[in-house]
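Biologist: I have not looked at this one before. Can you walk me through it?
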Amino acid sequence: MTYQHQQELRAAAAHLGRRRFLTVTGAAAALAFATNLPGSAEAAEADARKAITDDPFTLGVASGDPQPGSVVLWTRLAPKPYETGGGLPGARIAVQWEIARDERFTRVVRRGSATAHPEFNHTVHVEADGLDADRVLYYRFRAGQWISPVGRTRTAPSTGARLNELRLAAVSCQAYHDGYFTAYEHLAGEDLDVVFHLGDYIYEYAVDAAGGTRAYTDRTLPAHYNRETVTLEDYRLRYALYKTDPDLMAAHAAHPFVVTWDDHETENNYADEISENQAPPEEFLVRRAAAYRAYWENQPLRRPQQPNGPDMRLYRRLTFGRLAQFDILDTRQYRSDQAYGDGWKVPGPESEDPSRTLTGATQERWLIDGWRGSDALWNVVPQQVTFARRRSTTAEDYKLSMDSWDGYPASRARVLAGAEAAGVDNLLVLTGDVHVSYGLDIKRDFDDPDSPTVGTELVTTSIASGKDGADKPANWSTYMAANPHMKWYNGRRGYVTATLGTDAVRADFKTVQAVTTPGAPLTTAASFVSEAGSPGLKPA
């Protein structure tokens with residue numbers, strides 16, 4: 001971190017004070033050193049035909065958070081995406097959008113105009129409504145003479161609709177410097193209703209001129225990528241780098257995404273206002289505010305998710321008829337600090353303290369209250385870190401991950417008790433984070449292998465993080481022996497698809513053999529089913 005930026009952080013932090021005194025005004029002031037919010041002093045409007053002389057849709061298009069009759073459309077104007085400001089003037093630009101039933105736009109059902117604000121780095125969020133429920137639709141944007149690529153999206157079924165099937169995918173962890181996003185090329189061709197991104201969309205770590213393991217020979221990345229992200233501009237530029245990847249663009253254009261973050265969108269393994277490197281909370285919250293703002297700017301999220309300074313309500317609920325309710329969690333922003341200094345440690349009084357929380361009390365109540373009101377067959381929880389227990393060894397002095405739910409067993413116990421009290425029969429947890437895939441039975445008592453199975457956890461491997469990986473990592477035999485509820489473990493890159501039906505859920509773990517070189521084929525490494533009303537993974 002430069003001396004100048006240290007001074008900027010301290011100056012901004014002075015506006016924050018202690019976090020409990022934050023107000024909307026104070027939060028905005030915390031970012032005043034970098035940018036302002038659109039308001040009474042909005043930038044002037046530019047003539048798009050004059051302001052945009054090169055294709056501005058270099059980052060593609062995206063859609064997300066489908067609701068019955070509504071979906072979010074996203075794009076960003078950036079003729080020069082690797083430059084600060086994206087090669088555009090600091091002015092507002094009008095952007096037209098339209099939605100049709102066909103790819104040729106002969107049957108347009110909605111159209112309108114939005115504003116790309118320079119304060120939001122010329123990103124565009126359109127909350128398109130008045131659409132038919134449960135409908136495949138196509139969308140595009142226009143700015144000046146330029147027309148965006150066409151995106152495909154889908155609205156959610158009507159509340160109360162009785163569905164026979166829902167097809168989803170879960171993805172996570174896409175470190176650009178660790179390899180190509182080949183899995184996304186395959187994901188774009190899948191027949192899916194929705195994709196859940198479970199975190200680590202970007203990484204804060206430096207990316208060298210050759211793109212790290214990608215080892216580019218046909219391009220040289222700008223030097224400003226070869227440092228850790230700290231400022232708002234750092235995070236914005238990092239999203240631009242990732243979003244120029246053609247495979248990621250293809251996946252976004254093919255399916256609506258429902259996104260949540262983990263740690264690397266801000267900083268590795270942070271916990272609430274506590275940074276990995278023990279920076280003063282006042283300084284870290286300024287960095288967090290920058291990271292959260294860049295995240296919102298670059299994702300297809302609705303207005304309620306727009307952050308106020310270092311705070312952002314990301315947990316939310318979506319329903320797909322009476323077949324599935326999705327409670328998307330944030331296990332990073334409100335958590336207690338990791339016990340015993342983080343890492344893999346022998347559990348003890350500190351990690352088992354009943355006051356510890358992974359979700360925060362408010363989100364925990366929201367989750368359990370939502371289950372009480374649910375009439376869905378499947379109650380699905382897309383979230384970040386491994387929920388089921390993972391013992392490191394069969395020995396008595398085994399260790400557990402202090403960053404996962406294992407480091408917060410009282411929090412897990414409260415959630416499971418809440419699910420049981422609410423009558424949740426079909427609990428399905430979707431997880432990312434660990435750069436491997438697991439299929440796990442969730443036990444009422446992990447110390448008793450014969451205790452009832454109360455849910456299923458599908459852990460998706462990474463898109464690129466961890467480089468190529470291996471089918472059986474070095475600890476495969478140990479993990480499988482130490483954790484009898486672990487029914488699947490694989491260390492290759494890829495994703496998991498799940499088909500929710502009225503009788504069962506089917507999970508297909510899909511992998512690619514390499515990401516350090518492009519173009520690897522896709523393999524279905526394993527398939528499992530878990531029956532409705534009788535949870536427990538069985539080979540398909």
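Biologist: How many bridges join strand β15 to strand β17, and do they run parallel or antiparallel?
Modeller: This is a predicted model, to begin with. In it, β15 (residues 378-382) and β17 (residues 427-431) run parallel and are joined by 4 bridges.
Biologist: Which residue in β17 does V380 stand opposite?
Modeller: V380 faces L428 there.
Biologist: What is the strand order of the open sheet?
Modeller: The order is β12-β13-β15-β17-β19-β18-β20, which makes 7 strands with mixed pairing.
Biologist: Which strands stand at the edges?
Modeller: Those are β12 (316-320) and β20 (486-490). Each has a single partner strand, so one side of each has no neighbour in the sheet. On average, neighbouring strands are turned by 20 degrees against each other, direction ignored.
Biologist: Which strands does helix α8 touch?
Modeller: Helix α8 (residues 361-372) packs on the sheet and touches β12, β13, β15 and β17. Its direction makes about 175 degrees with that of β13.
Biologist: Changing topic: at what angle do α5 and α7 cross?
Modeller: Roughly 30 degrees, with the axes coming within 8 Å. The crossing is right-handed. Among the residues making the contact are Y235 and Y239 of α5 and A290 and A294 of α7. The contact residues divide into 7 nonpolar, no polar and 4 charged.
Biologist: And what volume does the largest pocket have?
Modeller: About 550 Å³. Of its 27 lining residues, L416, K443, R444, D445 and V454 are the closest to the centre.
Biologist: Which element gives the most to that lining?
Modeller: α9 does, with 7 residues. The lining as a whole divides into 13 nonpolar, 4 polar and 10 charged residues.

How values were computed: Residues numbered from 1 in each chain as written. Predicted model: local features only at pLDDT ≥ 70, side-chain atom pairs only at ≥ 80, totals over all residues. Heavy atoms only, no water. Axes fitted to C-alpha atoms, helices over the stretch in contact; angles between N-to-C directions. Helix = DSSP H or I, 4+ residues; strand = E, 2+ residues; numbered from the N terminus. Left-handed = near helix turned anticlockwise from the far one by under 90°. Contact = heavy atoms within 4.5 Å. Nonpolar A, V, L, I, M, F, W, Y, C, P; charged D, E, K, R; others polar. 1 Å grid on protein atoms, 1.4 Å probe; cavity = no way out; pocket = protein on both sides within 12 Å on 5 of 7 lines; lining within 4 Å. Points joined across faces, edges and corners; volume = space filled by probe spheres on them. Pairing = 2+ DSSP bridges.
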